[in-house]
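Please look at the sequence and the structure before reading on.

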Amino acid sequence: MDILFKNITVVTMDPKKPILTNVDVGINGRKIAYIADTAKPYSAPSPVRTIDGTGKVLMPGLYNCHSHAAMAMFRGYANDLNLEDWLFNYIFPAERNWTPKLLRTGTDLAIAEMISSGTISFTDMYFFMDIVADAAYDAGVMANVSNAVIGFDKDSYDFYKDNVYAQSLKAIEKYHNKEDGRIKIDASIHGVYTSHPPAWAQVMEFTHKHGLGMHVHLSETKTEHENCIKNFGMTPAQVFAKHKVFDVQTTAAHAVWVTDEDIEILAQKNVTVAHNPISNLKLASGLAPIQKMTDAGINVALGTDGVASNNSHDMFEELKIASILQKYALCDPTALPAAKTLAMATVNGAKAQGRAQESGIIKEGFDADILLIDFDNPRQTVCYDPILNLAYSTSGRDVEMTICRGKVLYEKGEFTTIDIEKTLYNARKAQSALTGQTSLL
């Protein structure tokens, strides 16, 4: 046994046994090998390391199912603007300055923040996807990585002549399903407003050929949604369904302005909706009807979006806001209860990434993708129900240890796979190269 947690409380996310108290949990290699009541003494060979679980809680690691990781370099850049102004007049121009080296720095910075706040896997849509995959692989996390197709001219755009095609081939060859699926490569269409049906047909041909999943933006803003109806006579969900974009495993980010018919389509097509409540609030994009979606049987996961439209990769913030928003919107304090929201960040995220058979739950035989949360602090005392505390009281600062596939990636401020001092130094240098603005620190 590599690690044995003694006398600990476990939030398993297993509906059959959601909370275990005063148990021992053993990790052997990649797997959770042992869970037993402390009254049953552990009798296998001595563990390499024993950790006292008093005042601690074990839970599954968090899944960030919609991110633009390298945009950590745009934290606090061009704030307090509507999405169209923010995107077209500030973000897109700054993104023209990306180089592979700068993007690697931004991705390393993002992954460090994710690891230290409890995220063990992320679904990314951004440029230089092979660089993003490199960073995720080196850091020891799991990731589904894609590079979104953007082609404004429907008559001249050719996916097979786009750098996205070449980068996708390179990433597939190097990383797709590497280490038994720790890194997965997805295809991606940025949205209905940044490309056209001929491009989608090419992307879907490529997607089917290589057995990839799909990642899209969907009905994020009222403007996007209404312009699609004006241009196509259909909503974005209806247009994508018509063009068979949803015929593969798909994660649709945002889904703020979806109609009841759209919700029915997403449910029928088994599309995962990645809910990004803080980004949607900050950009005033609107409020996604998450309760309706869950009632319809849609798999809803959580995401942070890019840090430029969130300012944080802390998934515990998303947990709390997601639940409270639905209660507010429906004037119903029972809407989207804590356990369901916690599932969105764990079990549902694992399902969205195609990992539900091995991750997202703490049980024997599953991967050791787990967090050790400190409950012995003013933010967590008193605790009547650890699920409620995790959903409403916990922040990324309470993460004491992050373990992915049995490997400790972070513990008490120390990173085992990332040179954090080098990463922070490089990020400060990269800031001026991207935006022309130097750090104030």
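Strand E14, residues 370–374, is mostly covered, with 5 of its 5 residues buried. Buried means under 20% relative accessible area, exposed over 50%, and partly exposed in between, with a 1.4 Å probe and protein chains only. Strands (E, at least two residues) and helices (H or I, at least four) are DSSP runs numbered from the N terminus. The model is predicted, so local features need pLDDT of at least 70 and side-chain atom pairs count only at pLDDT 80 or more, while totals for chains, interfaces and linings use all residues. Residues are numbered from 1 along each chain as its sequence is written, and side-chain values use heavy atoms, with hydrogens and water left out.

Strands of a sheet pair through backbone hydrogen bonds, either parallel or antiparallel. Here two strands count as paired if DSSP finds at least two bridges between them. E14 pairs with strand E5 and is also joined to strand E15. Leu371 of E14 is the bridge partner of Met59, and Ile373 stands opposite Val399 in E15.

| Strand pair | Residues given | Sense | Bridges |
|---|---|---|---|
| E5 and E14 | E5: 56–60 | antiparallel | 5 bridges |
| E14 and E15 | E15: 399–404 | antiparallel | 4 bridges |
| E9 and E10 | E9: 183–189; E10: 213–218 | parallel | 4 bridges |

**The sheet of 8 strands**

An open sheet has 8 strands in the order E6-E7-E8-E9-E10-E11-E12-E13, with parallel pairing. Strands E6 (62–67) and E13 (300–302) stand at the edges with a single partner strand each, so one side of each has no neighbour in the sheet. From one strand to the next the twist averages 25°. Axes are lines fitted to C-alpha atoms, for helices over the stretch in contact, and angles run from 0 to 180 degrees between N-to-C directions. Within this sheet, Ala187 has Met214 in E10 as its bridge partner.

Helix H2 (residues 100–116) lies across E6 and strand E7 (119–125). H2 runs at about 145° to E7. Contact means heavy atoms within 4.5 Å.

**Cysteines**

How many disulfides does the rule give? The count comes to 0, where a disulfide is a pair of cysteine sulfur atoms within 2.5 Å. The sulfur of Cys404 is 14 Å from the closest cysteine sulfur, in Cys65, which is too far for a bond. Cys404 counts as buried at 1% relative accessibility, whereas Cys331 is exposed, with a relative accessible area of 72%.
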